[in-house]
Amino acid sequence: MTRDRRRWGAWLLGGVVLAVVLTLYQADRTGVSEPSAGPPAGPSATQPGRPAPTPPATGTTAPSATTGTPGPSATTAEPSPKACASPGACGFPDESSTGPRTALEQHDTGNMSVKTNGTVIKGWDIRGSLDVYADDVTVIDSRITSANWWGINLRPGFRGLKVLHTTITAVPGKGPDNGGVNYAVSNMGDSSIEVGWCDISVFGNALSMGQGELHDNYVHDIVPFRNQGGEWQHTDAVISGGGNKGRLTVRHNTLLNSVPVDKGATAALGLFADTGTVSSVVVDGNWLAGGAYALYGGGPGATGIQVTDNVFSTQYHPGSGAYGPVAAWNAGGAGNVWRGNRMTDGRPVVPEPAP
């Protein structure tokens, strides 16, 4: 009897041990076990009480994939935007997104004056230039090949000109002063004008005005020229001489000036105090390349100049312009803003301090 009790006790003890071993084995298979002594690997979207991971906020750097440590904060660095290879590949205007959208009818107008308010010129292939002495004239889906000083010129005392989806070019070596064609579109009028989705080439100072809405244009292949005195003339894709009464907005254009500096290149976009103080200008989201400097920022007295989110291309010079991306920027001017401007490889563009 005693021997049977001992045998029964041994079997019972063995069963308990076996049950414990099986329980631990099952726990290891299912992952149900004691909490780890160390911290969790990271927050989970399914864990209660913890928010799902979100992308880093603008101006911050994402955590490192190799160390798990946070990158520089917004106060020390900004992320580099994606590098851009060419204007069209990066969403900027080029020959495929500008110029007329319809078939054209040839008109050998010569240098024509427009004197009727509300005139609409559409679908014309013009051999000549337009001198506008009227209000609210629209040129759309057309082509102008000029041998004059200008392609389209709004005269003083008139307003409301629109030039849209039009190709404006010139004949090098033809016209006054030894072929010195200077302005594709000139605003001498009393109000803002609109120039949009235009393909512009050859003219030395292609878009010339103190006030206007310049958007989605492709300015390229500017041709240098000497006047009859033998002097090289300055060239700019966009030029403003200061003293303007209204606002000039230059937004989402491709502005190229491939002219060598020793043949007159000044800027891709030149804001100059030639006739008065430069003020109230927006330069936003453009592709800029060439000139002595790609951008002249208005000079010491300039105010209300907003230069934001522009790409300074190195397609002609390592510094975008021959001498650098920007000159004559008045950092202390009232209302002046410089933000988000970068080179094509993503490096930020920061103006040099004024001397």
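Trainee: Which residues is Thr138 in contact with, leaving aside its neighbours within four places in sequence?
Mentor: Thr138 touches Thr119, Val120, Ile121 and Lys162. They are called contacts because the term requires heavy atoms within 4.5 Å. The model is predicted, with local features needing pLDDT of at least 70 and side-chain atom pairs pLDDT 80 or more, while totals for chains, interfaces and linings use all residues. Residues are numbered from 1 along each chain as its sequence is written, and side-chain values use heavy atoms, with hydrogens and water left out.

Trainee: Why is Thr138 called buried?
Mentor: Buried means under 20% relative accessible area, exposed means over 50%, and partly exposed lies in between (1.4 Å probe, protein chains only). Thr138 has a relative accessible area of 18%, and therefore counts as buried. In the protein chain of 355 residues, buried residues make up 43%.

Trainee: In which strand does Thr138 lie?
Mentor: Thr138 belongs to strand S4, residues 138-140. Strands (E, at least two residues) and helices (H or I, at least four) are DSSP runs, numbered from the N terminus. The protein chain holds two helices and 26 strands.

Trainee: How do you know that strands S10 and S13 pair?
Mentor: Pairing requires that DSSP find at least two bridges between two strands. S10 (residues 194-196) and S13 (residues 212-215) have three bridges, in the parallel sense. Glu194 stands opposite Glu213 in S13.

Trainee: What makes S13 and S16 a pair as well?
Mentor: Four bridges join S13 to S16 (residues 248-251), and these strands run parallel. The bridge partner of Leu214 in S16 is Val250.

Trainee: How many salt bridges does the structure hold?
Mentor: The structure holds five salt bridges, including one between Asp284 and Arg251, at 3.1 Å from N to O. This pair links distant parts of the chain, with Asp284 in strand S19 (residues 279-284) and Arg251 in S16, 33 residues apart. Asp284, at 18% relative accessibility, is buried, whereas Arg251, at 38%, is partly exposed.

Trainee: What makes Arg347 and Asp345 count as partly exposed?
Mentor: Arg347 has 44% relative accessibility, and therefore counts as partly exposed. Asp345, at 41%, is also placed in that class. Their side chains meet in a salt bridge of 2.7 Å, N to O.

Trainee: How do you know that the charged end of Arg155 sits over the ring of Trp150?
Mentor: The criterion is NZ of Lys or CZ of Arg within 6 Å of the ring centre and within 35 degrees of the ring normal. The charged end of Arg155 is 5.2 Å from the centre of the Trp150 ring. Lys115 lies over the face of Tyr133, at 5.9 Å from the ring centre.

Trainee: Which residues do ring pairs link into a cluster?
Mentor: The cluster comprises Phe272, Tyr293, Tyr296 and Tyr323. Rings of Phe, Tyr and Trp (its six-membered ring) pair if their centres lie within 6.5 Å; planes under 30 degrees apart count as stacked, over 60 as edge-to-face and the rest as tilted. The structure holds seven aromatic pairs.

Key. A salt bridge is a side-chain nitrogen of Lys or Arg within 4 Å of a carboxyl oxygen of Asp or Glu.
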